[in-house]
Amino acid sequence: MIEFEQVAKKYGKTAIAVQPCDLTIEDDQFICIIGTSGSGKTTLLRMINRMTEPSEGMIKINGQDAKNLNEDDLRRKIGYVIQNIGLFPHMTIRENIMIVPKLLKWSNDKQAGIAERLIQRVDLPLDFLERKPKNLSGGQQQRIGVIRALAADQDIILMDEPFGALDPITREALQEMIKGLQQEMKKTIVFVTHDMDEAIKLADKIIIMDHGEIVQYADVTTILEHPANDFVEELIGKRKRNSYYNIEMTVEALMVPQVEAISLSKSVTDAIRQMSDKKVDTLLVVDDQKCLKGFVDINFIERNISKLKPMTSIIEIMERDTASVNKKALVADVIEPLINHTFKYLPVVDDEEHLVGIVTRSSLVSLVQEQLK
Ligand code: ADP
Ligand code: MG
């Protein structure tokens with residue numbers, strides 16, 4: 001936990017970078033700091049690990065006054081990532097990942113296996129570890145940059161506009177990755193951004209700064225629904241709760257990637273057995289390339305059981321007209337079909353019609369309730 005008690009930063013006698021503020025950041029939260037340029041975001045962030053000394057007030061890290069922690073303790077507990085997280089070109093990927101554990105003088109035992117574990121976590125091959133950054137694509141290098149920030153296993157990670165200069169697609173991929181890793185690895189991340197969409201996507205809670213003052217500190221829903229003042233209102237613009245789904249969330253983010261599917265070449269008997277084993281009422285039907293072709297339904301099979309032979313092929317009985325949705329479609333686009341039709345779920349496909357998941361009614365319900373909390 002990070003606690004600020006009447007913490008302020010002044011430069012010289014009059015210039016106030018951060019006005020006296022109280023702030024509590026709970027463990028395992030993703031906190032975004034947002035505000036205009038010069039509003040004090042970097043100063044607020046850097047005071048957490050005393051790279052910038054506060055001029056007033058007290059900062060406590062896990063209950064301990066940060067003043068009583070020496071620099072080594074702080075670096076061990078708190079990681080810091082600056083803009084664009086550049087890799088050192090003359091070092092291998094492994095050396096890049098292991099910089100901070102080495103600087104912290106971890107024993108060889110403690111260092112063993114970290115690079116391997118992390119690179120696998122972001123789905124890159126192990127042999128990349130011995131390569132130089134220039135032999136990786138830009139996006140791959142950025143992924144290494146992110147896992148490097150996690151290598152020393154600090155509980156708190158401070159990030160100052162780390163994705164600031166990236167193209168939107170790389171940026172989006174990295175946002176998803178860092179959010180996923182943060183939740184999985186249970187880190188507290190304090191992340192400065194000037195992009196409200198980025199803050200909304202990543203944050204559990206957002207700190208909004210204006211002229212050195214924290215004007216609002218609240219969860220995303222509260223900020224969207226109850227902006228503290230005109231400044232916050234302007235920052236969030238038109239992103240009200242419902243329209244926010246339209247803009248932001250894709251079906252892919254919401255879908256369940258495991259799907260019960262059966263091959264075209266299987267028989268009715270196979271289908272019944274699979275439905276029984278997996279306790280499902282319908283099976284999606286795919287061809288050898290895993291492309292979605294239709295579905296079979298237990299009710300249909302039962303109604304027609306007298307006419308069917310055990311070895312009747314799925315291809316003869318399946319329903320071909322199955323609705324589906326592209327994984328890049330927006331969640332807003334599936335709300336209506338899921339509410340108005342009898343489907344309990346919609347199959348999700350990629351551009352080549354490969355079945356990649358399903359989006360269920362219950363996942364949509366949880367999403368909406370999550371937003372209403
Ligand atoms: P942000 O990160 O939101 O752009 P900063 O925290 O970097 O803002 O800066 C907040 C204010 O403090 C600005 O007015 C800036 O000019 C001032 N400031 C930052 N660092 C220094 C410094 N080392 N000396 C004097 N003023 C500074
Ligand atoms: Mg800054």
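Predicted model: local features only at pLDDT ≥ 70, side-chain atom pairs only at ≥ 80, totals over all residues.

Student: Why is the pair of F30 and F191 called tilted?

Tutor: A pair of aromatic rings is described by the distance of the centres and the angle of the planes. For F30 and F191 the centres are 5.7 Å apart and the planes stand at 45°. Centres have to lie within 6.5 Å for a pair, and planes under 30 degrees apart would be stacked, over 60 edge-to-face.

Student: How do you know whether F30 is buried or exposed?

Tutor: The relative accessible area of F30 is 0%. Buried means under 20%, so F30 is buried. F191 has a relative accessible area of 0% and is buried too.

Student: What makes K110 count as a charge over the ring of W106?

Tutor: The charged end of K110 is 4.1 Å from the centre of the W106 ring. The distance limit is within 6 Å, and the charge must also be within 35 degrees of the ring normal. K110 is placed over the ring. K205 lies over the face of Y217, at 4.3 Å from the ring centre.

Student: Why are β11 and β13 called edge strands?

Tutor: The open sheet has three strands in the order β11-β12-β13, with mixed pairing. β11 (261-263) and β13 (292-297) each have a single partner strand, so one side of each is left without a neighbour in the sheet. From one strand to the next, the twist averages 35°.

Student: How do you know that β11 pairs with β12?

Tutor: Pairing needs at least two bridges. Three bridges join β11 to strand β12 (residues 282-286), and these strands run parallel. S263 has V286 in β12 as its bridge partner.

Student: Why is the contact of K60 with E5 called a salt bridge?

Tutor: Their closest N and O atoms are 3.5 Å apart, and the limit is within 4 Å. K60 lies in strand β4 (residues 56-61) and E5 in strand β1 (residues 2-11), so the pair ties together parts that are 55 residues apart in sequence. E5 itself is partly exposed, at 33% relative accessible area. The count of salt bridges comes to 13.

Student: What makes R121 and E184 a salt bridge, and where do they lie?

Tutor: The N to O distance is 2.9 Å, which meets the limit of 4 Å. R121 is in helix α6 (residues 114-121) and E184 in helix α8 (residues 168-185), so this pair ties together parts that are 63 residues apart in sequence. R121 has 38% relative accessibility and counts as partly exposed.

Technical notes
Residues numbered from 1 in each chain as written. Chains lettered and ligands numbered in written order. Heavy atoms only, no water. Phe/Tyr/Trp six-rings, centres within 6.5 Å; stacked < 30°, edge-to-face > 60°. Buried < 20%, exposed > 50% of the residue type's maximum accessible area, 1.4 Å probe, protein only. Helix = DSSP H or I, 4+ residues; strand = E, 2+ residues; numbered from the N terminus. Axes fitted to C-alpha atoms, helices over the stretch in contact; angles between N-to-C directions. Salt bridge = Lys/Arg side-chain N within 4 Å of Asp/Glu carboxyl O.
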